[in-house]
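The tour below goes from one selection to the next and says what is found at each.

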Amino acid sequence: MSTTREAAFKQRMLDELCQQSQARGLVGPLATMADLLKAEDLDATLTQLFLEHGENICATLHAGWLRRHGQWVMDFNDKIDLEPVSRHKPIFEPKANLQPEANREPEANCEPEANIGPEAMDLDLPMSKSKLIVHRYACTRTNSTLATKRSSVKPFMSTCLQFGELGMNLSPLNHKRVNLHQMACFNQSLREREQIPSIPLKKHRQHQGGLINDCLGENTRPETVRPIVPTLLAPQNIAGLGRIANAMRPYGIQIGISLNFASPMSYGNLTTFDPLDAGVKTFWNDITNNIYNAVPDFAGYLVKANSEGQPGPATYNRTLAQGANLFADALKPHGGLVIFRAFVYDYQNLNESVWKDDRALAANNYFQPLDGQFDDNVVVQIKYGPIDFQVREPASPLFGNMPQTPVMAELQIAVEYLGQNCHFVYLAPLWKSVLDFDMRIDNTSSLVGKDLITGKHYGHKLGGMAGVANVGTNITWVGYDLAQSNLYAYGRLAWDPTRDPEDILHEWTRLTFGLDPMVLNTITEMAMPSWRSFENYSGNLGIQTLTDITGNHYQPAPSSQDNNPWGQWTRADHDSVGMDRTVWNGTGYAGQYAPEVAAMYESLDTTPDDLLLWFHHVPWTQRLKSTGETVIQHFYDAHYAGAATANTLHTAWESLANKIDAERFAAVLFRLNYQAGHSLVWRDAINTFYHNMTGIADANGRVGNHPYRIQAENMTLSGYTVVNVANPIHASSPNYQAIVTTSNVTAGTASTTLTDAGTFDIAINYFDHFGGKAKWDVYLGDSLLATWNGTHEDQLGFARTWILDGSSASRNTFRNVQVNAGDVLKIVGTPDRLELAPLDYVSILPVGTVD
């Protein structure tokens, strides 16, 4: 870096320090703002920061960076001087000259804005025909101190400038690469429901967000707020969308919005939202014109209609195509697109007792008859499977059944049903199982990824991939450092669906953690089996994720699958299990595929075991083709094997203690330790449920047999009382009980005398729920062994629960503890408000044993 650039950097920082210190004090890892200003050698401090991070930090270079905000550091090679351009050309050319943000008048209630063009932001995004200047990190934290230095990146930069070496294509195979930032979580401070224009624009966060989308190869970002509020269309909010678009534009990202179909009535004060009504058409034409006045390169609308209570054209006996075309007509003069979601099904009237009722039929039944009726600027967006982002589903047959309509795949990065980023699940292998599936249309190769969603097979100019993301305000963007691999993998597969998941993982690991071969190999060994591991301890053989589908979609709850109209049925009873989706005897779902594929799924002999229970209803004693074991024994074995794999992850990560910076190492280890314990909650809950249902014993004698466990209600109690757990399968006790303190102001004690001497692992299962932060102190004899507080609501991102159940169940394990015969193990629980320091059981384990 040149002396001139260093001096300029220091001056900018000093100016910002002075300006910010007048407004407020900022407290961070370095010091308070006042301390910084009083530092004896502030110049040396800035020199150190400059040498460590360079001047490329964030758009406005404000003093908040000294709190470690804006860690999206671009580490470019200064000797390469190419003209800055965006890497990804927008699909639609702007219809008007876009006003540079530097020339706009400052908006009310906004932080001062700098010119956010690539040059002013120090964001060189150069691309010649064959070279790319590589960003320092694929995905990283935004306000944490990273130990990786600039020098550690240079070998990567010097060897990976070629697109080919990064495994990238110069041209994407998919036209639309969409990141759906759902649930209002991309930037909470920017977009609090209906308050888009009145909240200060967090420039560094928005620009970092744009850079993430750009680095991942995405070119469209619908602004999605759930529930979808009609007032998003208000003039002040449309102006707010313009500000978001300005922040995204330097990265080649176009924005769109999700719509509420009933907006003409709920916002426009019309008496109808009938898509064929002239007044409704005028309403949407006017709204669309207003949006394009604020956002000339607006991408278009994302529409969810007549699904899960959302309004839609069916209210007026209109087709979904007529509903989509309403918006397509309004957008067409501007070059905009409609992305119309195929996630439409009846969640109120399905009846499990009707053998042929089947939610999986819905998408194809609703949309295939409408093929050819959609306008040419409509793309139908199809979830990868016919239900809802389950741990394993067959590829949706609708991908192959729309020859006259462009389609795109909808993936979920947010792992709603797969551990909600509290469990490490690398999703690229799951996605590839769908993208590489051959639909065999007209008996020819027709892969979902390479041929169908790219438009290649049917000759469509449009196609694409959408990812339902959970990018938010957490410093890791997605809530968990390792979960960033999924966001990155989505971007790479959206660009090129033929990419290999392991190659993508290697690329992300090198970019994120450096070039150390041990780090690369260890993370690969952790990540690649993680999907199968989670499938094994959650829901296998195609039975879907056996989670709480009527609740938080997180805890194990196989009973929630059946006896309701949501249609995620297992049809399990004492004798048999599985959905018969054959043509000859079942719901007929198998017949929605092309003949070759339909024939494979129609037959029990040719259906892959991984999807056995998706397509067939069989006795629990049915033997698998792959292993020869019965279905019920496979359930038992798989759940034990999956949990065992999950219990190796923390050990593997611990081997990297001296190779990963302390902050990220500790954060990841915390979640892996949590996953190790929670996988056992899953394993025991599912196995107990089906053991009770079938009455068939585990051939290996494990289910219901836990010789190392001491149930909390059997310990000596003082200030604790025994209670029933909400769902019996969520407690280890044969009586489905746990203990809680007798009040929320008095501590309780649970103790037991240990009879064996030696070195043991001591595991304590407890419940950490919302409503308080209880404290547990563990004593062995007179020595304090461990202490912790119930802070999972702050540390984990899963849906909160207020009760003792499978969501709040957790486990702490203390390894290699020396025990003397006669030692008393005592747990003191100190309640806090609603959390009464609940305990389930204690395990005294031989070292390395997973009970």
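Begin by selecting Tyr301, Phe367, Phe399, Val631, Trp653 and Tyr690, which touch the most other members among the 146 residues of the largest nonpolar core. Such a core is a set of buried Ala, Val, Leu, Ile, Met, Phe, Trp, Tyr and Cys residues joined through side-chain atoms within 4.5 Å, where buried means under 20% relative accessible area, exposed means over 50% and partly exposed lies in between, with a 1.4 Å probe and protein chains only. Helix α21 (residues 662–694) supplies the largest share of this core, nine residues. Helices (H or I, at least four residues) and strands (E, at least two) are DSSP runs numbered from the N terminus. Apart from this core lies another, of 25 residues, among them Ala712, Ala750, Ala786 and Val817.

The model is a predicted one, in which local features need pLDDT of at least 70 and side-chain atom pairs count only at pLDDT 80 or more, while totals for chains, interfaces and linings use all residues. Residues are numbered from 1 along each chain as its sequence is written, and side-chain values use heavy atoms, with hydrogens and water left out.

Now zoom out to the whole chain. The secondary structure comes to 22 helices and 21 strands, and 61% of the 851 residues count as buried. Taking contact to mean heavy atoms within 4.5 Å, residues 24 or more positions apart account for 75% of the contacts with a separation of 6 or more.

Return to Phe367 and show its surroundings: leaving aside neighbours within four places in sequence, Phe367 is in contact with Leu320, Phe340, Arg341, Ala342, Val344, Phe374, Val380, Leu398 and Met402.

Next, colour the aromatic side chains. A search of the whole structure finds 36 aromatic pairs, counted when rings of Phe, Tyr and Trp (its six-membered ring) have centres within 6.5 Å, with planes under 30 degrees apart called stacked, over 60 edge-to-face and the rest tilted. Then select Phe261, Phe273, Phe283, Trp284, Tyr292, Phe298, Tyr301, Tyr316 and Phe327, which ring pairs link into a cluster.

Two further rings have a charge over them, a label that requires NZ of Lys or CZ of Arg within 6 Å of the ring centre and within 35 degrees of the ring normal. The charged end of Arg702 sits over the ring of Tyr640, 4.4 Å from its centre, and the charged end of Lys826 sits over the ring of Tyr779, 5.1 Å from its centre.

Move on to the loop between β4 (300–303) and α10 (320–331), where Pro313 lies. Pro313 counts as buried because its relative accessibility is 0%, and, apart from residues within four places in sequence, it is in contact with Phe261, Pro275, Ala305, Asn306, Arg318, Thr319, Leu320 and Gly323.

What covers the buried residues of α12? Among the covering elements are β7 (407–412), α13, β8, α14 (484–495), α15 (501–513) and α17. Seven of the eight residues of α12 are buried, namely Ala428, Pro429, Leu430, Trp431, Lys432, Val434 and Leu435.

From here, follow the chain to Asn443, in the loop between α12 (428–435) and α13. Asn443 has a positive phi of about 60° although it is not a glycine. Most residues other than glycine have a negative phi, and most peptide bonds are trans. Gln544, in the loop between α17 (530–538) and β9 (576–577), also is not a glycine and has a positive phi, of about 85°; Gln544 counts as buried because its relative accessibility is 2%.

Finish at His460, placed in the loop between α13 (448–452) and β8 (464–469). A polar atom of the His460 side chain lies 2.9 Å from the backbone oxygen of Pro403, and His460 counts as buried because its relative accessibility is 16%.

Notes: A polar contact is a pair of N or O atoms within 3.5 Å; within protein, one must be able to donate a hydrogen and the other to accept it, and residues adjacent in sequence count only if both atoms are side-chain atoms.
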